[in-house]
Amino acid sequence: MSSQGSILLVDDEETFREATRRLLERHGYECVCASDGDSGLAALRERTFNLLITDIRMPGNWDLRLVREARKLDGQMPVVLVTGYPSMDTAMRGIDLSVAAYLTKPVDFDELLGHVRSAVAHDRRRQALASLRQRLQTCLDDLTAVESLVLARHSRDEECISPATIRTLAACLSEAIALNTAARVQSSSTLCELLDCPQQPVHRRAILETIDVLKQTKEAFKSKLLADLRAKLEDLVCPRQDPSPRS
């Protein structure tokens with residue numbers, strides 16, 4: 001059975017730590033445990049997680065040090081704070097650090113599980129989008145290089161685009177469509193995060209430039225595969241655009 005996501009649980013109270021670990025693992029999550037801030041930080045530096053669940057008052061976590069350092073390593077990883085000593089001060093600091101939830105002990109496990117499901121699902125989509133954007137940028141770089149070669153006439157047309165680039169583009173499209181389908185089911189803005197989010201203009205521009213390169217090279221390559229690829233990219237970026245014949 002594949003993992004539903006990876007969680008780092010940091011708490012110096014062994015009973016709570018072990019009970020929570022068993023609960024999360026029963027629901028399909030991979031759960032790595034640490035007993036203090038220092039060991040929790042070491043785990044964060046060693047690998048990535050989809051969620052950090054951490055106690056507030058424990059060794060090595062003065063002034064929420066663990067969360068602050070976690071933000072430096074991964075500014076968008078969701079964090080759930082748990083504490084047996086709630087206070088207005090720690091609640092306000094949690095808000096400042098944009099934590100996903102602030103729970104008091106004894107923790108209601110159903111409530112915790114609800115926050116875990118939401119936070120982990122969001123982070124897995126975020127990481128999938130980051131990987132997709134990176135691969136699309138690599139394809140854009142390859143296609144830009146192809147355009148330069150064609151314009152300079154330094155190589156034969158059929159040798160310009162590598163099969164690996166075409167396969168990567170096809171895989172990226174399939175993944176983007178799958179993410180978009182999942183987003184619609186979950187009422188999420190996944191595709192918006194990839195294409196239209198104001199914080200990601202460079203990624204939308206990269207896809208538009210990829211389409212432009214494919215248009216410019218259509219006469220050189222005369223490839224139905226590349227034409228179909230361009231059409232799918234255009235539909236992905238502008239799905240409601242009036243259809244027009246594509247050459």
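Where is the place of Met-92? Select Met-92 and look: it lies in helix α4, which covers residues 88-96. Keep in mind throughout that this is a predicted model.

**Stop one: a surface patch**

Stay on Met-92. It is partly exposed, with a relative accessible area of 42%. Together with Met-92, they form a nonpolar patch on the surface. The accessible area of the three together is about 350 Å².

**Stop two: two positive phi angles**

Next, select Asp-63. Find it in the loop between β3 (51-55) and α3 (65-73). Asp-63 is not a glycine, yet its phi is positive, at about 55 degrees. Now select Leu-64. This residue is in the loop between β3 and α3. Most residues other than glycine have a negative phi.

Is Leu-64 buried or exposed? Leu-64 is buried, with a relative accessible area of 2%; the cut-off for buried is under 20%. Asp-63 is partly exposed, because its relative accessible area of 39% falls between the 20% and 50% cut-offs.

**Stop three: a cis peptide bond**

Move on to Pro-106. Look for it in the loop between β5 (101-104) and α5 (109-152). Which kind of peptide bond joins Lys-105 and Pro-106? Show both residues and check the bond: it is cis, with omega at about -5 degrees. Most peptide bonds are trans.

Methods: Residues are numbered from 1 along each chain as its sequence is written. This is a predicted model: local features need pLDDT of at least 70, side-chain atom pairs count only at pLDDT 80 or more; totals for chains, interfaces and linings use all residues. Side-chain values use heavy atoms; hydrogens and water are left out. Patches are made of residues with over 30% relative accessible area and no salt bridge: like charges are joined within 9 Å, nonpolar side chains (Val, Leu, Ile, Met, Phe, Trp, Tyr) within 5 Å. Accessible areas come from the Shrake-Rupley method with a 1.4 Å probe; for residues, only the protein chains shown count as cover. A salt bridge is a side-chain nitrogen of Lys or Arg within 4 Å of a carboxyl oxygen of Asp or Glu. Helices (H or I, at least four residues) and strands (E, at least two) are DSSP runs, numbered from the N terminus. Buried means under 20% relative accessible area, exposed over 50%, partly exposed in between (1.4 Å probe, protein chains only).
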